[in-house]
Amino acid sequence: MPGKLKAKVVAGRHLPVMDRASDLTDAFVEVKFGTTTFKTDVCPKSLNPQWNSEWFKFEVDDEDLQDEPLQITVLDHDTYSANDAIGKVYIDIDPLLCSEAATVISGWFPIYDTIHGIRGEINVLVKVDLFNDLNRFRQSSCGVKFFCTTSIPRCFRAVLIHGFVEELVVNEDPEYQWIDRIRTPRASNEARQRLISLMSGELQRKIGLKVLEMGGNAVVGYLQCFDLEGESGLVVRAIGTACTLDKISSTYTAAIVQNLSNSSPSKDMKEAGFGEEAPGVPLSSGPPTPLRAQTFSSFSPSKSYSRQSSSSDTELSLTPKTGMGSGGSAGKEAGPLKALLRQQTQSALEQREFPFFTLTGFPPAFLLHVGGVVSARSVKLLDRIHNPDEPETRDAWWEELRQEIKSHAKALGCHAVVGYSESTSICEEVCILSASGTAAILSSRFVQDGALDTDHRFEDVAPPACGFCHIPYDELNMPFPAQLTYCHCCRRHKVPDVLFTTIDVPTEANVTGKGCLIQARLCRTKKKGQGEGNATAISNLLPFLEYELHTQLLNKLKLRGMNALFGLRVQISVGDTMLLGLASATGVYLTALPSPGGIQIAGKTPNDITYEQHISNMQKKINDTIAKNKELYEINPPEFVEEVIGSPIPEPRQRSRLFRSHSESSDEVLELDLSHGKKDAFVLEIDDTDAIEDIHSLLTDAPTPPGFYSCNTEIMPGIYNWTSGLQMFTSVRVFRLSNANLTNQGLNKIFNDLCENLLKSLYFKLRSMVPCCLCHVNFIVAVPEDELIQVAVTAVAMSFDKDQSQENGRQSGDKTLMKAITENEEQLQFPLELSAESPSNPLSCAKGLSEVSGPLPSARAPSVDHSSFTDRCSSWIEQLRLKAHTIRRGSIKTMSSLEKASPVPEGRSRSLRSNRSCPGSSITVVKMTPLSFIPGAKIIKYLGIINMFFIRETTSLREEGGVSGFLHSFIAEVFAMVRAHVAALGGNAVVSYSMKECVFMENPNKNQAQCLINVSGDAVIFIRESELEATPSQTQSGNVQTSSNGEGT
Amino acid sequence: MSVELDVFVGNTTIMDKEVYQLWLNGYTVNDAVKVRMEGGVMEECEASAEVLLSDTMDQFRTFQMCERLLQNPAKLANQLLFQIPPDRQAMLIERYYAFADAFVREVLGKKLSKGTKKDLDDVSAKTGITLKSCRRQFDNFKRVFKVVEELKGPLVENIRQHFLLPDQLARDYAAIVFFANNRFETGKKKLQYLTFQDFAFCAGQLINNWTVGAVDNMVEDMDVDLDKEFLQDLKDLKILIADKDLLDQHKSLVCVALRGKTKVFNEMETNFKNLSRGLVNIAAKLTNPKDVRDFFIDLVEKFIEPCKSDRWTATDVNLYLTHYTNSAHILDSFKYQTVWTRYMGVIKSCILRMYHE
């Protein structure tokens, strides 16, 4: 009995009238944990009952504490008939199991009923006494901290980043059990909610165990999803990055200040000698070879599955088979020492089954090089799972996908994948599994154990800011043809011409001008099908879908005069009669990468004069758009002196062809001229109406209205002086296609318009916040029914101070912006990081040594020889036989950036626009944001993860205002419940908030609708910087204050 | 092809004041969109009609969802569903409870019953205010009436606390409640020239001086019911007109005081007895509820109209009433000084307010 859970029911308010006769309610409360139930007295005839119950005590295993939610049911007492349930509250008590998180849960919770929504509120107090601290970690994983945030949380520093953790649990979906035929919808919904809550708890506990096994104490970038497979079950799966985190405490901070000065000189010395990017190291880049230039190569179907294998880039996807065995293809570009070091890092990483990281933001000097986006998809049939109640089959599916990702990364000369995520799309029995990430090379600093770290610390010297843009692969043995130039910042290393990544813009990156949201949208019709045939059809469509999405992204990027994409997220949604593809990313101009050429259109029928004219008109339009965009996004990079100087790379004007084909018009050919010159490097050849349509659609993206910017990353490069104006929102639209026989073109237009109009509406709604930026714009697309397209957007609008941005602006500003926002990092992490590697810091070293007693490969799965292509091939064939079809493809993108090692300007602009305080109100204002920070504020405490799942159903759709009214109130209710839980934990904000799932089903004829929503985030306490400013004397002392404040609250 | 579902939910509930007003005014979504388009929002923000429609629908829906809370403003402050900054909450409540003068003049003094509600379409046709808006305003009156009916303590304070209204609006509601409770006649043609604010002022006077609450502040209905004892005492004032000596004495005192001070002295002198009879008779009849209802019409008929026809200025009226009141105090045989003061104080300020030149 390692724990005692105590709960006390204080009072209720705003209860609904349950007794029509008296217009009152005789309410009492059942408090249930596991199988134990307590009841309060009945509080007769009151809508605002005061129970003031005794403390209900549950003596339970800590395992149960982790798995089970506390279930509070409010009922109306009825003498003659059964008591009527008013509603329920589920309280996740996990935050109480962590000593550093919340200590008590106390507050008003909305009483929720799946049929009626929120029905009043109840005030509850919950506490947990863990009996024995020492024993706490044995059977359960109490104490492991979970964060949704995909970077190191603000008031912590990373000691070690252990790597990938995943888990998956399966259960029968209550909605598909036989009993569902006889029970009420309410009972069925509640069974589902409870089950998912239990499964989430179990999942978290199991992941926690893995983390403890690895020697970590926290999971960062925790991403939990559920798959409603229907008949075959309900899957809850999660991935995350295991870390050892240290709370930044006052003592630490003091030590750091000291260490900072001690450690830096020695570092400089070492840097000169051995540093990876040190000026002294000669570039040994083999004999100059002509480079084959091809901008993109990815998105090819693997050979075994591509029916239309006309595409020349098919070969590329097979790169894993070429010499990937040693994993050493990476190390050749620099000196031998470096290669050695890298191999050591690599080996440290390779001992892991999957060197994956769900992080999108990194401690300084952790991310060394970025290769490009790697992704893999596979199509599976759910009705062919042998043993649906067991997780093995799904585990194998994901394992297979991860192996593929890993091999793609290797092909790019990378030993790790960052910004990694997984998703599914299910339609009937077909399920598309997707995984994607960014291939990268990481510093060994955080991944190796303490001893190694000390030995090879010199490798970790902060690389130049442009370092991450430098190609990680061997220039002589490139995994795909790419256009390389010398880095425009350091001019020593090679960079690609474009770079696609799934991560956030690194804080140190030098960005010219501002960024913008770029979306590629695509709809493809498909025939209705069943089983295997259907899966094959989807498999065949996927590569073309992705290829076109990719082309669109690239074209739109060029149209904006930019050269890199961050936060790339490609969603493929499958429906009965169509496939939807939506790729979102934030385009920026990385100073280190070459300026993108323009887009040139070439007609194929030169004799036709009107056609020529048409073409030239279009060309003019495109040129105008590019010019306009450059102005809009303030892209005016410093003229780069001809890069040929000193370049060993000859510049052959080469053309490579990419064939684009899709099922209907396979004759269409897109020709790309990828010559190296500054101008017109990119040629679009137009030979049919499709291509013209495509170009038109390029130009139809409406520019954001004045004063607005948008991005899907954490922050917008180029904007830094945020005010406290913050508005998180969710917007959902469902579009009905009335015409069943739509062409691809027609569908595309509809889908495109839907997204564009949605964005326009958002801008209009938020016009009072101008100047403002929509950050972390996250689109979720779905095909809920045959003729429905659903788009849900969650984002945060943040207003900023325009005047200041113009004063400081531009070049040096670029950096300031990011620094300003991540000021915590600037103040805390950077110095901490430095001290961490210094042997003179006993604290960090001791930690490193003690906590990582050797890298622990995941016990569950033996490592697979991923270099063996034949193995994979045969396994594919096997799957084929199992009628589960896999489609795979790796996208490989490149980028570059250059950075003048410009000192960070200290002039951090704070805008202290008055934050409206809320006097007299009994309700805590809770901010919600999908970002990991709150502008102008400091997060002083993480209270635990919020992970909530709700079902709402109605049988009186019309009465509730139709589908819009129904969903509107449900989303508002979900927000309210999240806020209430955060407030009860003592918090005042949710960061890294996301809506993972929004499954909406309707049946207007029956006047019914049902919706499932899953949201998550990190509950935190923040304080305004203005409140901190009382002691501006030193930043460090400011931090001390902060943390002590945190303890005090 | 159509947008089947379209919602926007912010963590902080977004509400546009302009759209809120259109909703309060009872516009349909389409009419509201038209008004907004004419207002020029579109040019300002490069929005299309489609965007405007979507935004308007969304906001109307939000207001509808909030309406339940607005009907019980105290709940708005501690509900969890919508996160609305306090200043916005205050705005929402104030505007929700705001009413049109044209509307309130139609309803003032009427019983707030189902019957009256049924006649609202006539009111709507007459005033040009949409039926929906009329209903909201009427329901507000009724709701406030019902709540304060059962409360002890000062009326204005109760309204302010229960409905979180600003002071002026709370006073107006107090007047509406007071009028509805006493069923004062305000709709007669002769009273048409009076504004709601005139009546509200008079109501304030009556509440502060003539109700039970004016003497005892912890009784139920203290501010909505007139003090019965006082009304009874008013009968004693009859002596002022019944006793011929007293009447003459009173008249000569007033005449002495006013001689040379007013241009309408002669008219005043001739009319004194009529006017005095008028005012004292009003006082004496107030025990009868029917006469209470006619209080304002009596004031107009018995005093204001005669003065008007003699072209008294407001200053003349003021002068006359001041001396008329004060002179009675000098009358030796007149014993009811307290009642007289309490009565005439209110009468004087009401008449002055109602005397439009």
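Rings of Phe, Tyr and Trp, the last by its six-membered ring, pair if their centres lie within 6.5 Å; planes under 30 degrees apart count as stacked, over 60 as edge-to-face, and the rest as tilted. What we have here is a predicted model, where local features need pLDDT of at least 70, side-chain atom pairs count only at pLDDT 80 or more, and totals for chains, interfaces and linings use all residues. Residues are numbered from 1 along each chain as its sequence is written, chains are lettered from A and ligands numbered from 1 in the order in which they are written, and side-chain values use heavy atoms, with hydrogens and water left out.

Aromatic pairs, then. Over all chains, a search of the whole structure finds 54 of them. One is F184(B) with F296(B), edge-to-face, 5.2 Å centre to centre and 75° between the planes. F184(B) lies in the loop between α12 (167–182) and α13 (196–210) of chain B and F296(B) in helix α19 (residues 295–309) of chain B, so the pair ties together parts that are 112 residues apart in sequence. Helices here are DSSP runs of H or I, at least four residues, and strands runs of E, at least two, numbered from the N terminus. F184(B) and F296(B) are both buried, meaning under 20% relative accessible area, with exposed over 50% and partly exposed in between, for a 1.4 Å probe and protein chains only.

In chain B, one aromatic cluster is formed by Y20(B), W23(B), F63(B), Y96(B), Y97(B), F99(B), F103(B), F141(B), F163(B), Y173(B) and F196(B). Over the face of Y96(B) lies R136(B), at 5.5 Å from the ring centre. The criterion is NZ of Lys or CZ of Arg within 6 Å of the ring centre and within 35 degrees of the ring normal. In chain A, the charged end of K6(A) sits over the ring of W55(A), 5.5 Å from its centre.

Last, the cavity. On a 1 Å grid over the protein atoms alone, a cavity is a set of points where a 1.4 Å probe fits but cannot get out, and lining residues have an atom within 4 Å of a point. The largest cavity has a volume of about 480 Å³, volume being the space filled by probe spheres set on the points, with grid points joined across faces, edges and corners. Of its 35 lining residues, Y90(A), D92(A), S197(A), N947(A) and M948(A) are the closest to the centre. Which element gives the largest share of the lining? That is α2(A), with seven residues.

Key:
On a 1 Å grid over the protein atoms alone, a cavity is a set of points where a 1.4 Å probe fits but cannot get out, and a pocket is an open set with protein on both sides within 12 Å along at least five of seven lines; lining residues have an atom within 4 Å of a point.
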